[in-house]
Amino acid sequence: MKDELLLKVDNLSVRFAVKRGGGWRKKSYLYAVDDVSFEVERGKTLAIVGESGSGKTTTALAVARLVPAFQGSVDLEGEDFLTLEGDKLRQARAKVQFIFQDPYSSLNPRLRAEAIVREPLDSLGLAEVDEKRAIVDRLFKAVGLRPEQQRLFPHQFSGGQRQRIGIARALATQPELIICDEPVSALDVAVQAQILNLLRRLQEEFSLTYLFISHDLGVVQHMCDSIAVMYMGKIVEQADRLSLFNNPLHPYTVALLSAVPSVDKKRRKATRRVLIPGDPPDPVDPPAGCRFANRCPVAQPRCSESEPPLRDVKGGHRVACHLVDESAKSPMS
Ligand SMILES: Nc1ncnc2c1ncn2[C@@H]1O[C@H](COP(=O)(O)OP(=O)(O)OP(=O)(O)O)[C@@H](O)[C@H]1O
Ligand code: SF4
Ligand SMILES: [Mg+2]
């Protein structure tokens with residue numbers, strides 16, 4: 001079915017209690033994810049990008065119910081995943097799988113590859129023994145590993161092959177949604193391309209929906225249909241891939257994009273490198289207005305007075321910046 005929503009996340013927030021100062025001081029909270037909403041259509045890829053600490057992984061973990069949400073809802077195929085219990089929860093868990101950044105530390109070193117790939121079927125109590133063996137055989141083939149490699153341990157594989165095992169494991173339960181958290185960041189560039197190609201091929205073969213997390217816009221430009229840019233727990237810009245790459249609106253996105261080596265000669269000439277000075281403010285005590293104000297090259301006094309809401313400025317292109325209006329022109333241009 002075309003244009004069918006698989007995932008709808010509304011007003012999702014995750015907070016962590018952190019200790020600050022002396023023992024008598026009251027608990028403080030770090031809002032790692034702050035009022036985040038997005039949708040992903042079945043068979044499509046939404047990329048979440050942003051620098052380290054912006055809340056990408058925490059968003060993904062909350063969507064997969066691996067960290068508790070403080071508020072918000074995660075609608076998966078029409079059901080609120082965050083409130084499911086018992087059998088319904090078990091069935092829903094099978095639909096959402098993770099691929100992690102570091103294939104080595106995410107694979108149990110004492111298990112043979114075949115047992116690693118089978119593990120989600122075991123833990124969710126899916127399939128009989130013979131059936132599981134056939135599933136594992138099929139998955140090894142699907143990710144481009146040889147049958148005899150099933151007997152090997154993780155340390156006997158290269159980084160790229162280990163990520164193939166991680167991908168096979170993620171596919172075992174026939175999931176709808178795969179969350180890829182920096183799946184190629186730990187790999188050499190040549191191997192990155194192979195793994196990205198594999199992910200794309202599997203997406204087509206199994207009609208998978210991806211939430212694809214990366215700090216690198218260069219990686220996601222070949223991998224996604226739409227992009228959400230996060231800064232300090234918030235989405236600051238969201239658009240389809242072409243709109244975001246051709247007409248980035250938020251000053252933070254403009255700066256991120258200017259660092260991406262472009263294959264397109266015209267674009268390479270047109271963009272000059274924009275450096276973002278300084279560090280993000282303390283996430284436990286965020287500033288009152290725009291959270292990017294202390295680093296924004298075009299900030300104005302009003303930017304620190306009120307927080308810019310994320311709003312649609314042009315056919316689904318959403319941005320949170322006081323200086324962008326319906327003419328959809330970036331204050332950086
Ligand atoms: N378990 C935790 N307890 C306290 N704070 C946490 C916890 N996990 C994450 N954080 C904080 O939440 C914020 C978001 O972290 P998160 O790991 O989601 O960012 P990220 O965008 O995935 O970064 P990276 O690119 O480094 O992976 C950071 O300020 C981080 O320090
Ligand atoms: S609201 Fe102001 S400080 Fe924030 S990104 Fe826009 S121009 Fe920069
Ligand atoms: Mg992360």
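**Figure 1. Overall fold of the predicted model.** Residues 24 or more positions apart account for 64% of the contacts in the protein with a separation of 6 or more; two residues are in contact if their C-beta atoms, placed from the backbone, lie within 7 Å. This is a predicted model, in which local features need pLDDT of at least 70 and side-chain atom pairs count only at pLDDT 80 or more, while totals for chains, interfaces and linings use all residues. Residues are numbered from 1 along each chain as its sequence is written, and chains are lettered from A and ligands numbered from 1 in the order in which they are written. The protein has ten helices and twelve strands, where helices (H or I, at least four residues) and strands (E, at least two) are DSSP runs numbered from the N terminus. Its radius of gyration is 21 Å, close to the 20 Å that the globule rule gives for 333 residues, so the protein is as compact as a globular protein of that length. The radius is taken over C-alpha atoms, and the rule is 2.2 Å times the number of residues to the power 0.38.

Figure 2. The protein is divided into domain 1 (5–224) and domain 2 (250–333), with bounds from an automatic or database domain assignment. Taken over C-alpha atoms, the centres of the two domains are separated by 29 Å. Eight residues of domain 1 are in contact with seven residues of domain 2. On the side of domain 1 that touches domain 2, the elements that give two or more residues are E2 and H7.

**Figure 3. The largest nonpolar core.** The largest nonpolar core has 86 residues, and Leu-211 and Val-229 have the most contacts inside it. Such a core is a set of buried Ala, Val, Leu, Ile, Met, Phe, Trp, Tyr and Cys residues joined through C-beta atoms within 7 Å. At least three residues of this core come from each of domain 1 and domain 2. Val-229 touches residues that include Val-49, Ile-235, Tyr-252 and Leu-256, not counting residues up to four places away in sequence.

**Figure 4. Helix H9 and its surroundings.** Seven of the eight residues of helix H9 (residues 251–258) are buried, so the helix is largely enclosed by the rest of the structure. A residue is buried if 20 or more other C-beta atoms lie within 10 Å of its own, exposed if 12 or fewer, and partly exposed in between. The buried residues of H9 pack against strands E3 (45–49), E9 (226–231) and E10 (234–240), and against helices H7 (217–220) and H8 (241–246).

**Figure 5. The surroundings of ligand 1.** Ligand 1 is surrounded by 14 residues, of which the closest are Phe-16, Ala-32, Ser-52, Thr-57 and Thr-58; a residue is near a molecule if its C-beta atom, placed from the backbone, lies within 6 Å of it. Strand E1 (5–18), strand E2 (28–41) and helix H1 (56–63) each give two or more residues to this shell. H1 provides the largest share, three residues.

Figure 6. Of the 14 residues around ligand 2, Cys-290, Cys-296, Ala-299, Cys-303 and Cys-321 come nearest.

**Figure 7. Asp-35 and its backbone.** Asp-35 is found in strand E2. Although Asp-35 is not a glycine, its phi is positive, about 60°. With 16 C-beta neighbours inside 10 Å, Asp-35 counts as partly exposed.
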